[in-house]
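Please consult the sequence and the structure below while reading.

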Amino acid sequence: MKKARAAVERRCRKQASSQAGRKKHALGSSQAKPSTSDEMQLRSQSSGRTCSAGTTKRSGTYPGEGGQRARWTWTGGHMLKWPTLQDLASASLEEVNQLWAGLGYYSRGRRLQEGARKVVEELGGHVPRTAETLQRLLPGVGRYTAGAIASIAFGQATGVVDGNVVRVLCRVRAIGADASSTLVSQQLWSLAQQLVDPARPGDFNQAAMELGATVCTPQHPLCSQCPVQSLCRAHQRVEREQLLTSQSLPGSLDVEECAPNTGQCQLCAPPTEPWDQTLGVANFPRKASRRPPREECSAICVLEQPRALGDARILLVQRPNSGLLAGLWEFPSVTVAPSGQCQRKALLQELRSWAGPLPASHLQHLGQVVHTFSHIKLTYQVYGLALEEQTPVTTPSGARWLTREEFHTAAVSTAMKKVFRVYEGQQPGTCKSSRRSQVSIPASRKRPSPGQQTLDGFFQPHIPTDASSLNSAAQ
């Protein structure tokens, strides 16, 4: 078997080398389908056992067969706490959110559990085996996820297109149009389907993704190590442009290339975007123009009981079950105007709805945190308020008091951890928040020098932190 595969690969390489001198029509939509020899060589080289970037992932590395491998592929290994889909389906949303916290795209964790429950409760515990049924029956499963599960777990000969595969195909075929457009997206899915190896679809798809992730990278591709360099029309374009530059000749279209100026080819880069010599193959794919995220402002407060029995506790409230950060826990907050007018009054009103009467004079502005979600740039104006009472105040439904240790393991977003670092940075004996958090502290609230800290700490009352000291202080 190994000898036969090696012979096929040698024959494919020989066929490709015999065609290396020919000019290839890279951009015309009618020529987008790869030739048979190109297809065979791309399959043999991309799904090979080893490439210059390292060993590719294999379907055999996924534990179990059938349904178990489908679970591993579907969840991406993030849900290893639950060894089966039945375990994931029976878990609480709180447990899922807690495990997913910090990974971003928080709705994905919830949708994974919804899909697991659909499999267990409505499909008899059997994961659909084809890309079509996976996408149709399971919530949150799109075209890419369905193709990955079907090919890797069940051996269906179906292609996949993720960001890495988009980059590889756009460079191999020299597609310069906007890769996010409907027409180009359809073309890329068609190419992926034509190229997938029917004998080893899971291995081929993983190899194509690995090729984009490790070799054909966005900014610094390792072209000299690429197993499909001889097929790459972007690389051929680079060599041609370098030759023209070295001979001081004006750039000219090849006779077999389509003419962008005619507007007939919808896969070409627009004539308004000239070739950038410094980018090389990174001229492909063309970067899509993205809308800037909309800007919002929120006033948020870390409300703490420093003298609570047992340990200091902070108040968290749960977000609604739909929308941004659905079901996660956060500090009490309220959306405010960027101008900042009336934000203290609005925040106090929100705090009192959760914790009852509060002293307005104790509410202090500590700084701000800027956190960008996929479509929202949110500026948090961070406040802090420490309660003097030693007994817990009323806790309505949807709120909880947690210790600092419990907070760090709770189902909270990265943005909340940034907010808490600002609060900790203003407390005696704690470290200042890191620069990566994009936080800023008002000049009036900046930390004093180390010497001043020592003097300030000397005149401040000592607050015990261990349980025995708290009990003795309460008596």
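**The loop between helix 12 and strand 3**

Ser289 lies in the loop that runs between helix 12 and strand 3. The model is predicted, and the points below are grouped by topic.

- Ser289 has a relative accessible area of 73%, and therefore it is exposed, since exposed means over 50%.
- In sequence, Ser289 and Asp178 are 111 residues apart, yet their C-alpha atoms are 8.7 Å apart in space.
- Asn283 is also found in the loop between helix 12 (233-246) and strand 3 (294-305).
- Asn283 has 18% relative accessibility, so it counts as buried, the limit being under 20%.
- The side chain of Asn283 reaches the backbone oxygen of Gly280 at a distance of 2.7 Å.
- When neighbours within four places in sequence are left aside, Asn283 is in contact with Trp275 and Asp276.
- Pro285 has its place in the loop between helix 12 and strand 3.
- The peptide bond that leads from Phe284 to Pro285 is cis, and its omega is near -10°.

**Helix 9 and helix 10**

- Two packed helices are described by the angle between their axes and by the distance between the axes.
- For helix 9 (residues 163-172) and helix 10 (residues 182-195), the axes come within 10 Å and cross at roughly 85°.
- The two helices, helix 9 and helix 10, are therefore roughly perpendicular to each other, because angles of 65 to 115 degrees are placed in that class.
- On the side of helix 9, Val166, Leu169 and Cys170 take part in the contact; they meet Leu188, Leu191, Ala192 and Leu195 in helix 10.
- The residues of this contact between helix 9 and helix 10 comprise seven nonpolar, no polar and no charged.

- Asp162 is found in the loop between helix 8 (143-154) and helix 9.
- With 16% relative accessibility, Asp162 counts as buried.
- The side chain of Asp162 reaches the backbone nitrogen of Asn164 at 3.2 Å.
- Apart from its neighbours within four places in sequence, Asp162 is in contact with Tyr144 and Met209.
- Asp162 and Asn205 are 43 residues apart in sequence, and the distance between their C-alpha atoms is 10.0 Å.

**Residues with a positive phi**

- Most residues other than glycine have a negative phi, and most peptide bonds are trans.
- Ala174 has a phi near 55°, which is a positive value in a residue other than glycine.
- Ala174 is located in the loop between helix 9 and helix 10, and at 5% relative accessibility Ala174 counts as buried.
- Leu325 likewise has a positive phi, near 55°, and is a residue other than glycine.
- The loop between strand 4 (313-318) and strand 5 (329-330) holds Leu325, and at 7% relative accessibility Leu325 counts as buried.

**Confidence in the prediction**

- The average pLDDT of the chain is 76, and 69% of the residues score at least 70.
- Over residues 49-64 the pLDDT stays under 50, and for this stretch the model has 33 contacts beyond four places in sequence.
- Over residues 252-256 the pLDDT is below 50 as well, and this stretch has eight contacts in the model beyond near neighbours in sequence.
- Where pLDDT is low, the predicted coordinates should not be read in detail.

Terms used:
Residues numbered from 1 in each chain as written. Predicted model: local features only at pLDDT ≥ 70, side-chain atom pairs only at ≥ 80, totals over all residues. Heavy atoms only, no water. Axes fitted to C-alpha atoms, helices over the stretch in contact; angles between N-to-C directions. Helix = DSSP H or I, 4+ residues; strand = E, 2+ residues; numbered from the N terminus. Parallel < 35°, antiparallel > 145°, perpendicular 65-115°, else oblique. Contact = heavy atoms within 4.5 Å. Nonpolar A, V, L, I, M, F, W, Y, C, P; charged D, E, K, R; others polar. Buried < 20%, exposed > 50% of the residue type's maximum accessible area, 1.4 Å probe, protein only. Polar contact = N/O pair within 3.5 Å; in protein donor to acceptor, adjacent residues only side chain to side chain. pLDDT = per-residue confidence, 0-100.
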